[in-house]
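Could you walk me through the helix packing and the charged pairs in this model?

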Amino acid sequence: MEVHAHLIRLGLSQDLSFRNPLINLYAKSRFFGHARKLVDESPEPDLVAWSALVSGYAQNGLGREAISAFREMFGLGVKCNEFTFPSVLKACSSCKDLRLGMQVHGVVFVTGFESDEFVANTLVVMYSKCGEFGDSRRLFDAIPERNVVSWNALFSCYVQCDFFGEAMELFEEMVLSGIRPNEYSLSSIINVCTGLGDGRRGRKIQGYIVKLGYDSDLFSANALVAMYAKAICLEDAVSVFEKIAQPDIVSWNAVIAGCILHNFHGRALKLFRQLSGSGIRPNMFTISSALKACAGMGFKKLGRQLHSFLIKMDTESDSYVKVGLIDMYCKCEIMTEARVLLNMMPMKNMIACNAVISGHSQMAEDIEAVSLFPEMHREGIGFNETTLSTVLKSTASLQAAKVCEQVHSLSVKTDFQSDRYVINSLLDTYGKCGQVENAVRIFEECKSEDLVAFTSMITAYAQYEQGEEALKLYVQMLQRGNEPDSFVCSSLLNACANLSAYEQGKQIHVHILKFGFLSDAFAGNSLVNMYSKCGSIDDAGRAFSEILREE
């Protein structure tokens, strides 16, 4: 602006040799009002002036403004060149404006710029980002001399659209054609390995990176850290991270998030403290990871400190951060704070509500958990299988049969009745509410092979003195190839105790020994109780002695 003022004082502001660079400077510095004013004040703005304005808009993500300026320029009869076309095509990509992109392509073809490397590459990207991968590939194949930028143009679009298989094939094709990948190609192919969950191929790419001399490239290193962390190779992720000479916030976020992913919460917090002492300022993604670590370890004090830090950063209102805070307070059993934050959200979302319902349920605040669900429904907040399963868990604890029936009806209407978790929760809840007939009907309709479903049904039968049905279902479960767990065995022993079914109880005892459940408190107690109720005090004594030896 000082330069502009100086030019005005000297009477040079109308000189094209000064005006056009000023327009370019303002546009690149995001002072679009000043740039536009200079264009409007020009008696006949030329191609350079218009190109600077269109490019400035496009480079700064203002696609609509770039397109509008291009239309105005084109309407004035100003011809485009190899610098204007890439800018307006980039704007078409960001706005997904395929129609205008095709019109611009027509102009490119007529004016003979289709063979220009930069224009051709931008056309490839435009068609890809507008979902026309066939046209994109045809244009790519038509480029006479494809360089690494051309390959990267198509490659990046495949990666961004999660076409990982196609991206991997394209990368291999590029290497076989003799094109040397650059750091952008390599960081992108690592992201492909991450998307495919292919750590083995990722290791090969790392070797290739070292061979090409890009092992010190920060983008590639960060991509490697993220890839190893997500591909169940946390130690490799940490190893790559430790070799980065000057890790940036992306490096720190990747390794901390990796620790969280693998439930190494203490290690994540240790890295977070190292980051805090490194002089690099954490961002909201870093804090969100630290909040997950606090939630995992129940660190209330540190969680509150992070909350204060977020308030100072003025990011507390961000919905992603707020959900992280709510989840942390719920898992640290500070439900009052969690509810305050939820109520403060201008637009409550399903994830936040699920976290609060789960928090209440975990703390046996079942009425609060169940009552929040209709509130969600009234406010038009969606729900998923997690919501229904958690609400049903609290409903089971309350033995609220009517609520269970309402949730069941809602699950049928919303097509969640076939979800395995919802089915198992309904079976368990109906069983605990004494609605065994309803549980049987669901079990038979779903034809479940799931151990949890069998467990819920066997437990319901045993609890409501239908021991013979419990034993029949156990045989059916074994025939379907399911191995029992200690809870099933405990329920079966209770059924045998109620029936005084000594022989069947002895068979369950054999299974307890076979599967190593004797040291389980529930199974052990149920075994002693079963023999006692069947009148075999000697067997009860021997079972008790076996349990003591196991301990």
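Does E337 count as buried, partly exposed or exposed? E337 counts as partly exposed, at 28% relative accessibility. Here buried means under 20% relative accessible area, exposed means over 50%, and partly exposed is in between (1.4 Å probe, protein chains only).

Before going on, some ground rules. This is a predicted model, where local features need pLDDT of at least 70 and side-chain atom pairs count only at pLDDT 80 or more, while totals for chains, interfaces and linings use all residues. Residues are numbered from 1 along each chain as its sequence is written, and side-chain values use heavy atoms, leaving out hydrogens and water.

**Salt bridges**

A salt bridge here is a side-chain nitrogen of Lys or Arg within 4 Å of a carboxyl oxygen of Asp or Glu. By that rule, the count is 14. Here are some of them:

| Pair | N to O distance |
|---|---|
| R138 and D135 | 2.3 Å |
| D236 and R203 | 2.6 Å |
| E337 and R304 | 3.4 Å |

Take the E337 and R304 pair, whose side chains meet in a salt bridge. E337 sits in helix α21 (residues 335-344) and R304 in helix α19 (residues 300-313), so the pair ties together parts that are 33 residues apart in sequence. Helices, by the way, are DSSP runs (H or I, at least four residues), numbered from the N terminus. R304 is partly exposed too, with a relative accessible area of 37%. Elsewhere, salt bridges that share partners join R137, D141, R146 and E173 into one network.

Now for D236 and R203, another pair whose side chains meet in a salt bridge. This one links distant parts of the chain, with D236 in helix α15 (residues 234-243) and R203 in helix α13 (residues 199-212), 33 residues apart. D236 is partly exposed at 24% relative accessible area, and R203 is partly exposed at 42%.

R138 and D135 both lie within helix α9 (residues 133-142), three residues apart, which is about one turn of the helix. R138 is exposed, with a relative accessible area of 55%, whereas D135 is partly exposed at 27%.

**How α7 and α8 pack**

Two packed helices are described by the angle between their axes and the distance between the axes. For helix α7 (residues 98-111) and helix α8 (residues 117-129), the axes come within 11 Å and cross at roughly 155°. That makes α7 roughly antiparallel to α8, a label for angles over 145 degrees. Axes are lines fitted to C-alpha atoms over the stretch in contact, and angles run from 0 to 180 degrees between N-to-C directions.

Which residues do the meeting? From α7 come L98, G101, M102, H105 and V108, and from α8 come V119, L123, M126 and Y127, with contact meaning heavy atoms within 4.5 Å. By class, this contact has seven nonpolar, two polar and no charged residues. Gly counts as polar in this scheme, and Met and Tyr as nonpolar.

S87 is in helix α6 (residues 84-95) and counts as buried, at 7% relative accessibility. Leaving aside residues up to four places away in sequence, S87 touches V54, S55 and A58.

N263 is found in the loop between α16 (249-261) and α17 (265-276), and counts as exposed at 57% relative accessibility.

Methods
Helices (H or I, at least four residues) and strands (E, at least two) are DSSP runs, numbered from the N terminus. Angles under 35 degrees count as roughly parallel, over 145 as roughly antiparallel, 65 to 115 as roughly perpendicular and the rest as oblique.
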